[in-house]
Amino acid sequence: MKAIAIEEYGDVKNLHEIELEVPKLAADEVLLENYATSINPIDWKARLGYLKGMFDWNFPVVLGWDVAGVITKVGDNVIDFKVGDKVFARPDIYNDGKKGAYAEYVAVKEDKLALKPNDISFEEAAAVPLAGLTALQVIEDRLKIKKGDKVLIQGGAGGVGIFAIQIAKYLGAYVATTASKKNHDFLKSLGADEVIDYHENKITDVLSGYDAVFDTINAIDDGLAILKADGRLVTIAGKPTAEQKIGSKDVSEWWLQPNGKQLQQLTDLIVSKEVRVIIDSVYPLTTQGLRDAHEKSQSGHAKGKIVIKVK
Ligand SMILES: NC(=O)c1ccc[n+]([C@@H]2O[C@H](COP(=O)([O-])OP(=O)(O)OC[C@H]3O[C@@H](n4cnc5c(N)ncnc54)[C@H](OP(=O)(O)O)[C@@H]3O)[C@@H](O)[C@H]2O)c1
């Protein structure tokens, strides 16, 4: 099968098309014919070698951790899914480094899958799992946002921010967010109550007394400064220091846990139109397509998700 892989860590020129064997299935996995995947910042961070300490991959390494496609094969222990099902997932990150989603076929554990609703395309579905699950797990499970809470979501126009704003509004929160001016009207149309231009204003000058902060940009001190004494902060972009953890405020980091049941919950919000999927751009599964998509993501100014159309 065709795949796009890196042969060593480094810049986008290291992304190349290769031929790879279709993944062999474990008993609890299904094989998907991949229709679409999407780019997340972890992809270019991995390409640059920032995940070396977490994963001991052998080259060539296939990146990519969102997938939407059609099941072509099921493992012996798979119960809830069958050949022909249209599904999507944030697959596990495997230690062999070969099972990423920049490929025509992807193996995924059954418990990571959700059925793709007919209302959304494969491209839209591929934009959801990694960013959407991160937003859901932080807003609902970690920050425990409830009606009337005041929450700041940093980086509102990014892949995670867009889902987080909509989920927090669905739960009844007052939502402030940060973005460049060109994105303000757009983020208000998604429900944000207040948008701060981070190029012109420091959040510490304009916000205070917040119940919760979702930090997506590693600005933990700023987040802590605007919280109430018993406020909560979760970061997905940094690591709180021992000093930042002292005191009455609850500060922690979060790493997404792939989960098919929660992806189904997110799907229900999309089908009921509580949550819209926002796509910045679509690129093909080619060497050039992946290089362009990585550059776009690494620019730090995508509006929503960057998608790769595979089929
Ligand atoms: N721990 C985990 O499990 C986990 C999961 C997902 C993501 N992450 C991490 O979370 C971060 C965000 O991910 P993402 O997918 O949302 O990234 P993204 O889509 O690349 O984010 C792009 C957005 O960031 C905004 N931005 C850039 N600098 C900003 C700043 N100083 N203040 C406010 N907004 C700023 C830009 O807004 P403007 O264009 O409006 O300036 C742009 O819309 C990344 O570091 C990623 O690696 C971690």
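Tyr94 is placed in the loop between S6 and S7, where S denotes a strand (E, at least two residues) and H a helix (H or I, at least four residues), both being DSSP runs numbered from the N terminus. The structure is a predicted model, in which local features need pLDDT of at least 70 and side-chain atom pairs count only at pLDDT 80 or more, while totals for chains, interfaces and linings use all residues. Residues are numbered from 1 along each chain as its sequence is written, and side-chain values use heavy atoms, with hydrogens and water left out.

At 17% relative accessibility, Tyr94 counts as buried, because the term buried applies under 20% relative accessible area, exposed over 50%, and partly exposed in between (1.4 Å probe, protein chains only). Neighbours within four places in sequence being left aside, Tyr94 is in contact with Glu29, Trp57, Lys99, Ala107 and Lys109; contact here means heavy atoms within 4.5 Å. The side chains of Tyr94 and Glu29 also make a polar contact, at 2.5 Å. A polar contact is a pair of N or O atoms within 3.5 Å; within protein, one atom must be able to donate a hydrogen and the other to accept it, and residues adjacent in sequence count only if both atoms are side-chain atoms. Tyr94 and Pro41 are 53 residues apart along the chain, and their C-alpha atoms are separated by 18 Å.

Gly100 is found in the loop between strand S6 (86-89) and strand S7 (105-109). This glycine is buried, with a relative accessible area of 3%. Not counting residues up to four places away in sequence, Gly100 touches Val62, Leu63, Gly64, Trp65 and Val106. The C-alpha atoms of Gly100 and Gln298 are separated by 19 Å, the two residues being 198 residues apart along the chain.

Gly155 occupies the loop between strand S9 (150-153) and H4. At 22% relative accessibility, Gly155 counts as partly exposed. Residues up to four places away in sequence not being counted, Gly155 touches Gly161, Thr177, Thr178 and Thr216.

The ligand was examined next. There are 24 residues around the ligand, of which Lys45, Ser180, Tyr198, Leu256 and Ala302 come nearest; a residue is near a molecule if one of its heavy atoms lies within 4 Å of it. Oxygen atoms of the ligand are placed 2.9 Å from a polar backbone atom of Val160 and 2.8 Å from a polar backbone atom of Leu256. For Ala302, a backbone N or O atom lies 2.8 Å from an oxygen atom of the ligand. On its own, the ligand has 940 Å² of accessible area, and the protein covers 85% of it; accessible areas come from the Shrake-Rupley method with a 1.4 Å probe. Two or more residues of the shell around the ligand are given by each of helix H1 (41-47), helix H3 (129-142), helix H4 (159-170) and strand S10 (174-179).

Helix H3 is mostly covered, with eleven of its 14 residues buried. Among the buried residues of H3 are Pro129, Leu133, Leu136 and Ile139. An α-helix has 3.6 residues a turn, so residues three or four places apart point the same way. H3 is followed by Lys144, whose phi is positive, near 50°.

Helix H9 (residues 260-271) contains Thr267. Thr267 is buried, with a relative accessible area of 3%. Apart from neighbours within four places in sequence, Thr267 is in contact with Phe88, Ala114, Leu115 and Pro117.

A cis peptide bond, with omega about -5°, joins Phe59 and Pro60, and Pro60 lies in the loop between H1 and strand S4 (61-62). Asn218 has a phi near 60°, a positive value in a residue other than glycine. The loop between strand S12 (210-215) and helix H7 (220-226) holds Asn218, which counts as partly exposed at 46% relative accessibility. Lys273, likewise a residue other than glycine, has a positive phi near 65°. Lys273 lies in the loop between H9 and strand S15 (279-284) and is exposed, with a relative accessible area of 66%.
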